[in-house]
Amino acid sequence: MAAHAPRETGGHRVLHLTPERLVDEGLAALPDGTVPQDVVYVAPDGPADDAAAATKALQDVFALVRRLAARPPMPDLLIVTRTAHAVTEGEAVDPFMTALWGLGRTLRTEHPRTRVRLADLGSGPDRAGGAEDVDGAALWEALRRDGTELALRNGTWYEPFLLTAPPAPAREVRYRGGRFLITGGMGGIGLRVAEFLADEGCARLTLVGRTVPAQGEARERLDRLAERCDLQVVAADVRSPGESLSGPFDGVFHAAGVLRDGLARSLMPDRVDAVLGPKVGGTHVLADLVSAGEHPAFVVLFSSIAAVRANLGQSAYAAANGYLDGYAARRRAEGLPWYSLGWGLWTVGMGESIAPKAAAHGVAALTEDDGIALLHTALGRPPAHYVLSAANAKDASMTAVTPDAGLWPSLTLALGKVLHLDSVSAEDDLLELGLDSMMAVELAASLAADGLDVDPMAFFEHTRVGTLLTHLESLPRAAAQAPPAPVLRESPYEAPAVPASPAPPTPANAVRAQGRPPAPEPAPAQAADGFVPDWDRFRQTEPAPAVPAARTAPAPAPAPASAPARPPSPRTGSATTSAPATVPHPAAVAHSGVVPHPAVTPAPGTKPPAGARVPRRTLPGRLADAPQGTFLDRRIDALSGDDRGIVARGEYFYEPVIEEASGSRIKFDGRWFLNFASYSYLGLIGHPYIDEQALRAVEQHGTGAHGVRLLAGTLHLHRELELALARFLGAEDAIVFSSGYMANVATVGALVGPGDTVIGDVYNHASILDGYRLSNAKVVTYAHNDLADLERALRKAGDGGRLVVTDAVFSMDGDVADLPGILELCERYDAPLMVDEAHSLGVLGDTGRGITEHFGIDPDRVHVKMGTLSKTVPSAGGYVAGSRDLIFALKNNARGWMFSAAATPAQVAAAKAAVDVMAAAPSLPRELRARTTRYRDQLHALGFDTLASETPVVPLICSSADQAVEMARLCQLDGLFVQPIVYPAVPRTLPRLRTIVNLSHTDADLDAAVVTLEKAGRACGLIH
């Protein structure tokens, strides 16, 4: 789609359409039977100085998108622009083209199966915009390449990247006594900016907004502003303020905007105009205003991070803000001080209603104070495009948009036909509608007509119709279902010749240009004006002969040396990332640039994937047995029979693949859940001190050890951790294993053997049971926490070697071993005691030192103190603490330690740091107990049975395994992640939901969990 047919290089089957024809006729303009493989949209020259014409041009592009999406599947799309970015010195940016990049990025999230690419071919001989082209080779080269965002200048390809803003010379900004104009000044952010200027001592403020508040908090704030400076309030649309605005101004802030958006394929012109108007039209009005007299010291356009990191459902918003970024770049190229600030989410303004939901999804938002501090920092730097967001903000969508096209018609038709339904809604559950395995096969066959190869198991994994639709939309479509038809170009492409000699490894952020031999990295050159070029500047890693040098971004200043490790302050909330020294507040300033595109050419016949997908949980390849198969087939059938049945019934809740985690919430299967299954009892996952120590260990020692511990694998970190554990637990020494499971198996196996007797609680952990079996000792179990039965077992063992083993906290029931009584019996019968403190470290005792502190018992009375480094301690591994003689004997006889590779430096350093945190913050276990008691009391009040739990492990006993599974399903549907625990993990008569409280849970989290559990319990008949 181009105004003129680009010239071909041959070998391509191409159909040329003008954009006007496609807008008018849609895909009906194509010859019958034509199925486009790629659509190339060559953008026309943008009207850089005419807001109405620019808006009209963008409206035409949205019309094209609607046409392309109207007949699924949407073809792959390449958007070709001209000077969307200033790649080399002296280029004038066209903001219309920059807006197309914002739109293209959003289309990529809206259509994950479609390859949406952006290529900027500049204004020279590389451009492919019309008949005046020198040749069209650049266009076909862009189409062939596998990058998603590329720019071509003088034969070299580049791609954009975000760069953390390095230190820059301070720029003096005069606020006191100044005159400032703010559009959107009556809104949340604009009004806060006005208050900031008043705090700095400005003389006059002019605020422009569509409505002036007559009462309420905003009115009161305006009245207070009027008492502090000369305040002019203008009620007008920023596109047509009339004669009410009069300068001169010392600074202008354009913060006006509307977020009335949605999916590009469904946006009608009026909604597009509502978003584009204030941004695009307002920018041109302000440009005319400030050009009429003395130019202000700065003009600040409030853009959005959505133009750089797309958010689903913000297509017009991304395009509008991309236009602002391009317009500011154009003015900067003229030597004028124009900023564009790509803001992340705020807690005020447009983000006020979104921020709470975003926080639940792990997306941080800027508070008013953080945002103003960032604004102050940015204005103290040279004019540029800065991306500004909360320090721990994540790349996640901030809006939820319901699909209204795509596969929805096909899916509802198939469901209606197979399930005999008149209508289907996104909230319907397939299992409740009667789906069985044969119906799943029929549904998969029906959807194959749409080019989808669907595993029938997907219908049991995604039982809610809306969730199923999201999953199906993410699948690739097979082209084989389409009838033979002409395509717009031939494939495969012929790969050009490249040097055959291998190149040395190149850092990912310094990719070499296509076809050029490796060369020494040039020294970064400081820009003439002393600051890093703005995000739409590009960086070339090596000079091209006879070509003017591209502008080069200086390397960031080296990080200051880390401070000595020190115990951190107590912390109960989630971690925040501290900002660089140049930004003294918990937020981050990002700068962006571009490096040359990798020299990668797809092999003939290959097509790059649309994007990496999160792998799903492991499921069986077949649900039926193979009685005629090999021995291995029959053995697999014997092992998997029951589990396959659970999968077939849609009750397989296990191995959820966690994509992201933030505090008390985790994301899997594309949804966020409140996590009540985490062993991170003190909420230390993500603790900044622990993370820092792990990173320092990797920097100092790398990612692995040099072998087993007895030979070359012991680092100073291993011994530091062992001695820190010993001190914390009141022991002489300790030994660290690669896992908690191995710690139990290896220790029991080393301490007892044939002729000895090992005595254990019937509810002991599986790792202890496996240690029994591998030791070849005689095994005697006693009833759970039953001292009389333990004495019976001790008598039965006779006078031979005996070892008693018990969990401290039983992980399925949440109750605590009767340590005083067990110790009294062990000492009477001369039997050493081993206690597994996997779930009691950091939980029991006033300061979290475990079960001996809980009961006020001398730690020396417990001979073998075992624990894990993967629960309260956010690492991996296990340990045993005890006397020096015990530890020496284990290190030379426990085969699981002797013949296992050493734990990695990061794991060991993280574990040591966690012990430091627990020692420095002894109140954390008390806080955990208080929250657990509050939660458990609420459950008791509702009638739930939690057995004898007195720890954060709180079971909810169900009447049957089916009820436990249904409880888990209903809770997960409502966003609460809990797991059903059934036989053989617990007795058949005691199926349950297991819930776990930790310090990442707030009181609101606990209350929300109780509400969900009550709802599910009443629905299942568990409580009344």
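## The open sheet

In what order do the seven strands of the open sheet run? In this predicted model, the order is 17-23-22-21-20-18-19, and the pairing is mixed. Strand 17 (733-737) and strand 19 (778-782) take the edge positions; each has a single partner strand, so one side of each lacks a neighbour in the sheet. From one strand to the next, the twist averages 20 degrees.

Let's look at one pair within the sheet. Strand 21 (residues 833-836) and strand 22 (residues 864-868) run parallel and are joined by three bridges. Here aspartate 836 lies opposite methionine 866 of strand 22.

## Helices packed on the sheet

Helix 20 (residues 766-775) packs on this sheet, where it touches strand 18 (757-761), strand 19, strand 20 (802-807) and strand 21. The direction of helix 20 makes about 165 degrees with that of strand 18.

Helix 22 (residues 819-828) packs on the sheet too, with contacts to strand 19, strand 20 and strand 21. The angle between the directions of helix 22 and strand 21 is about 155 degrees.

## Helix 11

Now to another element of the model.

Which residues of helix 11 are buried? They are Leu411, Thr412, Ala414, Leu415, Gly416, Val418 and Leu419. In an α-helix, residues three or four places apart point the same way, because there are 3.6 residues a turn. Just after helix 11 comes histidine 420, with a positive phi of about 60 degrees.

Note on methods. Residues are numbered from 1 along each chain as its sequence is written. This is a predicted model: local features need pLDDT of at least 70, side-chain atom pairs count only at pLDDT 80 or more; totals for chains, interfaces and linings use all residues. Side-chain values use heavy atoms; hydrogens and water are left out. Buried means under 20% relative accessible area, exposed over 50%, partly exposed in between (1.4 Å probe, protein chains only). Helices (H or I, at least four residues) and strands (E, at least two) are DSSP runs, numbered from the N terminus. Two strands pair if DSSP finds at least two bridges between them. Axes are lines fitted to C-alpha atoms, for helices over the stretch in contact, and angles run from 0 to 180 degrees between N-to-C directions. Contact means heavy atoms within 4.5 Å.
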